[in-house]
Amino acid sequence: MAYSEKVVDHYNNPRNVGSFTKDTPGVGTGLVGAPECGDVMKLQIKVNLDTGVIEDAKFKTFGCGSAIASSSLATEWLKGKTVDEASKIKNTDIVNELKLPPVKIHCSVLAEDAIKAALADYREKHVADAEASR
Amino acid sequence: MALKFPIFMDAQSTTPADPRVVEAMIPYFTEKFGHAASRNHSFGWEAEAGVDRAREQLARIIGARDPKELVFTSGGTESINLAIKGIAEMYREKGNHIVTTVIEQRASLDVGKRLERQGYEVTYVPVRPDGLVELEAIQKAITDKTILISVMFANNEVGTIQDIAAIGRLAKDKGIIFHTDATQAVGKIPVNVETMGIDLLSCTAHLLYGPKGVGALYVRRKGPRVRIAPLIDGGGHERGMRSGTLPVPLIVGFGRAAEICGEVMAEEGARLAKLRDRLQDMILSNVDEAFLNGHPERRLPHNLNISFAYVEGESVLMGLNKETALSSGSACTSSTLEPSYVIGALGASAELAHSSIRFSLHRFTTEEEVEHVGARTIEVVKRLRDMSPLYELAKEGVDLKSIRWKAE
């Protein structure tokens, strides 16, 4: 099985590996997948609370090279997007960009799930924070 | 000596042919090209002599009394098919039950499944966490309808070596035919069909530094005389058990490969075990939560299988694949998209099956290669752990089992 150049590049030079402290204001965390399935992604966004723009994103992934590449790419794409724009990222965009073969499509699906989970977590916490400060 | 890349450490998938084997084969492609069944001219006699010699060489390495007990096939898969299906068909009147284990290689398991669809019953005996099959478990599985016990000699993933002689005695006591898939064992460790009570034995050339495309099935002729129904009908070659023109060059290579293995086995096994132990010590002393799969002692000298918790196997291979060829039990590296059923059968979690890496050494593996592969594996695993959310959680003291994971 040969990997596309972009998958190899993200695997060798993963962008934005790391973690934010979960309870920092503006941070949303998504943790998806399952260890027994061989894929777990943790994806985090840090949103500027004034502008609603994602200022930073980080990931950690347990999974194959394509799973690592999909989450690495997702963090790159998230940065600079508003929360609404970010919710429009589709797994098919990741498939096309990384040229993932059919057996690796689930990696892109998981990355989309991770984005959605991080956004949902951010929204939930942000609303709660806003209500608390009111 | 300078390292040459890529390094091949996947020798339980296949082995490179020994140059001496290739040398022995070459004349049989060109000047000695005859059909081994041509009875009336020198071309045929020459080819037949080559085949006869190979049969003797092979008989010697498995301790067969008579070279005629060996039937040449296209490889391990065919030998296994011929053994199990051949017995099932031949002894149908006597019974319809087969006892085997859960860690057999795919060929055996798939033959079992097919036979089940045809009305046979197959019991897949579980193994202990170290990969050994308990004799009592086999004994308990036997019924008055059992016609065959089929247990692999040494496992292809974790290298665990079964107590074949004990199983052979049990089979003999019960009057049941005993087949062993010895594809990983022949040429590597002592195998003796007489002292071990083996009635049928499958093996293949390409795992003992011979060519791909040829294997053999040992079929006992005396005490008891074992009969099998053929899979392939035709000219009645191989005493009617396997028709088809014999691939003489491949068979000659197989014989030569077996002969060389016989000469070097003790020394080679000791050398590889030492290198393997070095690799194992290096990795286990530098990586936390790395677990040896299989039996620590009763295993093939060239096999090492380790699960690296919190990192996925394919990602480890990807970090090494420019320079080293290894294999993994990860689902991502299997055609079935399931993690290794062998590691699973040892009672390991699916996560650890996804995380398993098999290192298998061979005749041409050097100490420098072992040092390099060990050091690089440690590096890659550490790098991947730094980006593993599971490792992070575990280090924070979170019990991963307490998390409600949402599978996609």
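This is a predicted model: local features need pLDDT of at least 70, side-chain atom pairs count only at pLDDT 80 or more; totals for chains, interfaces and linings use all residues.
A:Lys99 sits in the loop between helix H4 (91-98) and helix H5 (105-133) of chain A. Helices (H or I, at least four residues) and strands (E, at least two) are DSSP runs, numbered from the N terminus. Phi of A:Lys99 is near 50 degrees, a positive value in a residue other than glycine. A:Lys99 counts as exposed because it has 12 C-beta neighbours inside 10 Å.

Residues are numbered from 1 along each chain as its sequence is written, while chains are lettered from A and ligands numbered from 1 in the order in which they are written.

Chain B has its own positive phi, at B:Arg239, which is not a glycine; the value is about 55 degrees. B:Arg239 lies in the loop between S8 and H7 of chain B.

| Bond | Omega |
|---|---|
| B:Phe5 to B:Pro6 | near -10 degrees |
| B:Gly223 to B:Pro224 | near -5 degrees |

B:Pro6 lies in the segment before strand S1 (7-8) of chain B. B:Pro224 is in the loop between strand S8 (215-219) and H7 of chain B.

Now the core. The largest nonpolar core has 156 residues, and B:Ile62, B:Tyr218 and B:Ile251 have the most contacts inside it. Helix H7 (residues 248-286) of chain B gives the largest share of this core, 13 residues. A nonpolar core is a set of buried Ala, Val, Leu, Ile, Met, Phe, Trp, Tyr and Cys residues joined through C-beta atoms within 7 Å.

Definitions and conventions. A residue is buried if 20 or more other C-beta atoms lie within 10 Å of its own, exposed if 12 or fewer, and partly exposed in between; C-beta atoms are placed from the backbone.
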